[in-house]
Amino acid sequence: MTVIIGLEIHCQLDTATKLFCGCSTDYRDDSPNSHTCPVCLGLPGSLPKINKKAVEYALRVAKALHCEVPQESEFARKNYFYPDLNKGFQITQYDRPLAVSGHLDIDGDDGEKRVRITRVHMEEDPGRLVHKGGADRPRYTLVDYNRAGIPLIEIVTEPDLRSPKEARKFLNKMRATLEYLGVFDSEKEGSLRVDANISIQGSERVEVKNITSYKGVEKALTFEVTRQRNAIRRGQKIVRETRHFVEARGVTTSSRSKEMEQDYRYFPEPDLRPLRVCDWADEIVIPELPDARKSRFIQDYNLSPTHAATLTGDWQIAEFYETLPPDLRTSTGTATWVADTLLGELNYRDMSIRHVPLQHFKEILIIRESGGVTDKGAVEVLRALLDQVKETGSCESPGACIERLGLKVLGTSEQGGENPVTSAAREAIEENPQAVEDFRKGRKEALNFLVGQVMKKTRGCAKPADVNRVLIDLLSGEV
Amino acid sequence: MPGRSIEFHPDDRFFAFLRIIHNPQCGEGKLAGIPVAIKDNISTEGIETTCASRILAGYVPPYDATVVERIRREGAAIVGKTNMDEFGMGTTTENSAFGPTRNPADPSRVPGGSSGGSAAAIAGGLVPMALGTDTGGSIRCPAAFCGIVGLKPTYGRVSRYGLIAYANSLEQIGPMAGTVTDVNRLMGVIAGYDPRDSTSLDMPFRHEPDPDIRGVKIGVPEEFFGEGVDPRVASVVWDGISVLEKKGAEIITCRMPSMACALAAYYVTCTSEASSNLARFDGVRYGPAADSKKTWHESFQERRREGFGEEVRRRIMLGTFALSSGYYGKYYAKAQAARNNVRADFARLFREVDALAGPTMPTVAFRFGEKSDPLSMYLSDILTVPANLAGVPAISVPCGKVENLPVGLQITGCWMEDERVIDIAYAFEQGRSP
């Protein structure tokens with residue numbers, strides 16, 4: 001049973017001001033309705049004025065997705081009643097969108113895949129409802145128009161995706177692309193919302209609305225695939241309907257059919273002139289995108305395709321990688337450390353790379369590369385720092401952390417008395433005569449055992465190579 | 001200079017004003033100390049603005065419309081908000097939720113509409129000038145019925161920022177006054193580019209009326225004197241046209257076949273836009289609050305049912321229908337095609353003539369309640385709506401009387417030639433006065 005998925009992605013453009021007025025878009029932590037004016041409150045008599053920066057951002061996206069930009073596009077009104085809708089209609093684009101017919105290449109289920117983009121259009125975000133007294137049965141509802149008028153783009157794909165996992169991969173690639181373009185801040189709450197159309201080949205399609213996270217997309221779609229497959233197996237017919245994703249329970253529920261029958265009565269927005277931005281689109285230069293950067297990482301830093309893909313799959317990580325000293329960038333150890341260890345530890349804590357001071361990671365990498373801390377020690381430092389950030393929002397410096405945890409690599413110089421590695425090796429030899437005996441009989445495993453003992457005694461702060469050398473020196477000296 | 005104010009205690013016996021400001025501030029400038037009345041659909045900071053609708057009762061805008069800002073900056077005293085048909089929907093000012101305005105020329109008759117309050121305030125001698133708005137004749141009709149001058153400017157020449165929208169693609173704010181000179185003066189203050197209105201045109205208006213119209217070609221379309229035009233009105237207007245001829249204009253008769261569909265195109269377009277514009281009046285943000293105990297759907301529906309008058313509800317329903325899926329192509333799209341025909345007709349005519357002349361209204365002012373059937377009321381807009389459909393300027397200037405009731409002569413000009421229609425009206429005004 002072939003699964004067919006198409007996505008509609010709504011993404012907030014990270015402009016400084018709103019789409020049709022001069023209000024600031026940075027309302028995080030500010031009180032409700034404090035970032036509003038007659039225009040974004042929809043007060044009678046106010047008129048929209050297009051934000052050129054938002055158009056430029058949308059054009060960057062159109063270009064990155066290889067879309068055609070028609071000579072003329074047009075805003076339209078989508079009419080419906082809802083308390084979060086300040087004017088009783090949303091200004092969006094309908095039959096004459098900003099851009100059409102593009103594509104985005106992804107690493108799909110069966111290798112490289114081209115996902116076709118139907119259209120990209122611009123629209124305004126409505127306000128936000130705040131239900132007081134519980135979400136299920138609120139006593140009353142308040143409206144916050146700080147979000148009203150935030151610029152959005154809607155990206156619509158053709159039904160080219162074949163599994164929930166592929167949909168997730170597509171979204172990750174889309175997010176990376178948007179971030180590379182500098183038009184999108186994925187950290188902002190609600191900055192990306194997805195509606196998905198999903199069907200099993202031969203059956204009706206179902207629209208799933210209200211998916212607000214990347215993980216949610218895969219979860220919602222997986223639920224739907226199972227639901228639809230089971231229904232078909234039981235001989236039931238799939239009804240064409242709109243379902244809502246309930247993130248907390250990981251299920252989709254049927255919406256009332258009334259909402260489906262909405263007639264939005266679209267017509268051209270008379271208060272805005274048509275957009276003629278085709279020539280402008282030609283002039284816009286877009287930055288290096290994930291695919292190009294991946295190739296460059298493979299080429300310039302000699303990285304494996306897998307590492308290169310991971311390191312360039314997130315703009316911040318790629319940027320971080322390129323701030324490392326040149327000799328570090330080309331080392332497989334560094335690539336592994338950033339792509340696997342760092343991202344793994346972040347993932348484990350559900351943290352984003354944005355939460356942490358990158359300068360510190362750079363320091364850990366540099367100390368580790370120069371041998372100031374062992375690989376194991378470096379991981380320990382990383383974990384300690386991440387835990388501190390998660391708990392308190394800040395952390396000590398890697399140097400201080402290494403010092404505090406006693407993770408400084410032990411030297412083997414003889415200056416100022418016997419060094420700790422030699423002392424520990426001596427102790428190990430004294431405490432394990434059987435192993436020494438075995439070693440002398442030529443059993444290699446015995447040396448490994450002794451190395452382990454020394455490592456234990458030095459709490460992992462000695463370099464294994466040093467330990468090896470010191471032990472052999474001591475053992476052969478005794479002969 | 002701050003603190004200067006005038007006294008304004010008019011005897012508003014025609015109910016021209018919804019709100020009077022007795023001690024308005026004024027300042028220095030081109031309109032220093034002149035009392036100016038503002039139609040109640042234009043936003044005035046700190047002064048209640050209701051569009052003569054119960055649904056906006058108590059709404060005090062936190063900002064001034066661009067035109068109000070400009071009038072204040074030139075020192076005028078804003079003396080009050082004038083009555084109108086609710087949201088501009090009407091031809092008589094009888095559709096005000098707060099009661100009708102009377103025509104100073106004959107108090108048993110309507111002043112015309114929808115800017116009836118502004119026209120009556122001028123005709124009644126309460127103010128020398130006022131702002132009106134014109135969506136399908138709402139400045140020119142009351143100007144004609146009350147015997148004053150009113151200009152509907154070229155679309156985009158005056159900022160709509162702060163005008164509470166009825167039909168955005170058709171309407172303009174315009175000057176109304178007792179004389180062409182004063183209309184020109186007020187136009188000089190309110191016109192000009194406004195970055196807050198995307199449909200605003202960057203074309204400054206600096207003009208002194210010039211009565212010399214020698215050699216100006218004036219077309220008179222047959223359709224302007226078609227069925228429904230009172231022969232007595234027609235005769236007065238023809239007399240007016242001969243005055244223009246005497247002043248040296250060349251009169252050329254012509255045809256304007258697109259008139260046949262103009263009224264239908266107009267009513268489909270304006271009701272469609274209105275159905276969307278008026279959606280924001282749901283009791284959430286302003287106006288009397290809806291009953292919060294009911295569900296959202298019940299509360300906004302009740303709010304709208306009770307807050308809007310009959311004609312407004314009728315037009316919202318007509319417009320909602322015209323935009324509905326399955327009907328859009330039959331109505332809205334067709335209306336836009338007919339609108340393009342009107343534009344093309346004007347363009348063709350203005351290659352041959354400099355302006356068009358004819359009656360502003362087919363009849364003189366109606367008696368109260370005379371037009372009880374909405375359709376016959378709509379038909380009386382036939383001569384004024386073409387200018388709105390095409391966005392061209394048109395002025396109504398008093399040109400005589402029928403049984404002591406004023407008749408208006410309408411001069412329609414080429415796109416952006418507001419100055420020319422003012423000059424022709426001025427020449428006419430000069431030619432008539434001894």
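This is a predicted model: local features need pLDDT of at least 70, side-chain atom pairs count only at pLDDT 80 or more; totals for chains, interfaces and linings use all residues.

Me: In what sense do E2(A) and E3 pair, and over how many bridges?

Reply: Antiparallel, over four bridges. E3 of chain A covers residues 89–92.

Me: Which residue stands opposite Arg77(A)?

Reply: Phe267(A), which belongs to E13(A). E13 is residues 267–268 of chain A, and E2(A) pairs with E13 in the antiparallel sense over two bridges. So E2(A) has bridges to E3 and to E13, with the definition of pairing being at least two bridges.

Me: Switching to the interface. How many residues of chain A are in contact with chain B?

Reply: 26 residues of chain A, against 33 residues of chain B. On the chain A side, strand E2 (76–79) and strand E7 (140–144) each supply at least two residues.

Me: And what is that side made of, by class?

Reply: The side of chain A that touches chain B has 14 nonpolar residues, seven charged and five polar.

Me: What are the model's ipTM and pTM?

Reply: ipTM is 0.95 and pTM is 0.90.

Me: Now chain B. What is its mean pLDDT?

Reply: Chain B averages 95, and 98% of its residues reach 70 or more.

Me: How many helices and strands in chain B?

Reply: Twelve helices and eleven strands.

Me: What radius of gyration does chain B have, and what would a compact globule have?

Reply: Chain B has 20 Å. A compact globule of 434 residues would be near 22 Å, so the value for chain B agrees with that. The C-alpha trace of chain B spans about 70 × 60 × 45 Å along its principal axes.

Me: What share of chain B counts as buried?

Reply: 61% of the 434 residues.

Me: And the contacts, what share join residues at least 24 apart?

Reply: 74%, among contacts in chain B between residues at least 6 apart in sequence.

Me: Back to chain A. How is chain A divided into domains?

Reply: Domain 1 is 3–283, domain 2 is 290–405 and domain 3 is 420–478.

Me: How far apart are the C-alpha centres of domain 1 and domain 3 of chain A?

Reply: The two centres lie 63 Å apart.

How values were computed:
Residues are numbered from 1 along each chain as its sequence is written. Chains are lettered from A and ligands numbered from 1 in the order in which they are written. Two residues are in contact if their C-beta atoms, placed from the backbone, lie within 7 Å. Ala, Val, Leu, Ile, Met, Phe, Trp, Tyr, Cys and Pro count as nonpolar, Asp, Glu, Lys and Arg as charged, and the others, Gly among them, as polar. The radius of gyration is taken over C-alpha atoms; the globule rule is 2.2 Å times the number of residues to the power 0.38. A residue is buried if 20 or more other C-beta atoms lie within 10 Å of its own, exposed if 12 or fewer, and partly exposed in between; C-beta atoms are placed from the backbone. pLDDT is the predictor's confidence in each residue, from 0 to 100. Domain bounds come from an automatic or database domain assignment.
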